[in-house]
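Dear colleague,

I am passing on to you the structure below, together with an account of what was found in it. Please keep it open beside this message as you read.

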Amino acid sequence: MYQTKYHKPASVDEAVAALSSAEDGKVLGGGQTLLPTMKQHLAAPTDLVDLRGIAGMDAISAADGVLTIGAGARHADVAASATVREAIPALACLAGGIGDPAVRSMGTIGGSVANNDPAADYPAAVLGLGATVVTNSREIAADDFFEGMFSTALGEDEIITAIKFPIPSSAGYTKFPNPASRYAMVGVFVAQTGGGARVAVTGAGQDGVFRAEMMENALSSSFEAGALDGATVDSRGMLSDIHGTAEYRAHLVSVMAKRAVDSAV
Amino acid sequence: MDLSGQYRIPADVATVWAALNNAEVLAQCIPGCEELEKDSDTEMTAKVALKIGPVKARFSGRVELQDLNPPYSYSIVGEGKGGVAGFAKGGADVTLTEDGAETVLDYTANAQVGGKLAQLGSRLVKSTSAKLADQFFDNFSKAVAG
């Protein structure tokens, strides 16, 4: 056994203070990755800073073409939110397909984005929509936020407070889930935005979520599945494991991208 | 699991060879290295902290240099225990080739991970190993060139 000190701050400032005074502190969102890791003794933080006592952290609102989701919003909240369903239906659909009901009832958007698991769903939406990650100290554009597998631009004692999604004219998300874990083997988020088409791929890349530029160019001229004929991703940067080879994943990216465009609303 | 790669380092073979045998340089370049002590010309003990996503494990182990063919090639083998997290062992064959004023470094490495780390992290072991190897040789190229 090891000892962990549990903190339940009532404000973001208190949370940051608790985190910075801890020797080896960790932020606890919904705990769907961190707690299993701790149970296995693969992590043993000295302090846990639970964000669930902070009022308003799970607020969801839409105004002036921007959908703002508090970092503490659980996947089930986002999936069921009338505001999200109206503003960006693809995002509600994505949230409703994460993991299983138990994970969706506990896991949070902030936790998922901060963890940046290379097979998580949310990073594809954040990057695919060109969202902005809001922290206690600054705002970070999605393009600058994800820095490779499990790494982000977040500082040591920085906490995500909300994600701001610009509302696209249409967007779609399709994934090929691993049948056992429901993690995306390949997940593709496509969006038609004011700045052209964006395509973000999760589950497939060795460095986590990435943008498929060739596909973005094809879709910017014509936002339909047929435009993606011949637009591919290079298999050299793809993950290869017992579930699928790099070539298989590269092929799946094209298939999922077309389905995502077909499903876009 | 096998990995390989090639790096071009802007220094001559003798300089690169000396750096490959210098515990201080190696300690600077091994990602997460907290301690590297030389026990003999070819043996070292190391403490390395690995942080990958939520997982944090501290390995302590031994590193040995074998099949030395100065200044062109050697093998580096190591084994580390990470407490409850499991163990890791592996080795790399490193070859240096002169190319004008520069040196081409080729490596082929194999690594095995066992214990809980392997059970839970199997989908990530290969890409993590590749990333760590890349970081090491990247740091090494910079250390030697700088």
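This is a predicted model: local features need pLDDT of at least 70, side-chain atom pairs count only at pLDDT 80 or more; totals for chains, interfaces and linings use all residues.

I begin with the three-stranded sheet of chain A, which is open, has the strand order β1-β3-β2, and is paired in the parallel sense. Because β1 (5–7) and β2 (25–28) of chain A stand at its edges with a single partner strand each, one side of each is left without a neighbour in the sheet. From one strand to the next the twist averages 20°. Three parallel bridges join β1(A) to strand β3 (residues 47–50) of chain A, and in β3(A) the residue A:V49 is the bridge partner of A:H7. Across β1, β2 and β3 of chain A lies α1(A), which runs at about 170° to β3(A).

The domain assignment of chain A gives domain 1 (5–50) and domain 2 (60–263), and the C-alpha centres of these two domains of chain A lie 26 Å apart. Their contact takes 11 residues from domain 1 of chain A and 13 residues from domain 2 of chain A. On the side of domain 1 of chain A that touches domain 2 of chain A, the largest share, five residues, comes from helix α1 (residues 12–21) of chain A, and the residues of that side divide into five nonpolar, six polar and no charged.

A second open sheet of chain A has four strands in the order β9-β10-β11-β12, with antiparallel pairing. Here β9 (170–177) and β12 (210–211) of chain A are the edge strands, each with a single partner strand, so one side of each is left without a neighbour in the sheet. Two antiparallel bridges join strand β11 (residues 196–202) of chain A to β12(A), where A:F210 is the bridge partner of A:V201. Helix α10 (residues 213–221) of chain A lies across β10 (184–193), β11 and β12 of chain A, at about 150° to β11(A), whereas helix α11 (residues 246–263) of chain A touches β9, β10 and β11 of chain A, its direction making about 40° with that of β10(A).

Lastly, the two chains: 15 residues of chain B are in contact with 14 residues of chain A. On the side of chain B that touches chain A, β4 (55–69) and α3 (116–145) of chain B are the elements that give two or more residues, and the largest share, seven residues, comes from α3(B). That side of chain B has eight nonpolar, two polar and five charged residues.

With best wishes

Note on methods
Residues are numbered from 1 along each chain as its sequence is written. Chains are lettered from A and ligands numbered from 1 in the order in which they are written. Domain bounds come from an automatic or database domain assignment. Two residues are in contact if their C-beta atoms, placed from the backbone, lie within 7 Å. Ala, Val, Leu, Ile, Met, Phe, Trp, Tyr, Cys and Pro count as nonpolar, Asp, Glu, Lys and Arg as charged, and the others, Gly among them, as polar. Two strands pair if DSSP finds at least two bridges between them. Axes are lines fitted to C-alpha atoms, for helices over the stretch in contact, and angles run from 0 to 180 degrees between N-to-C directions.
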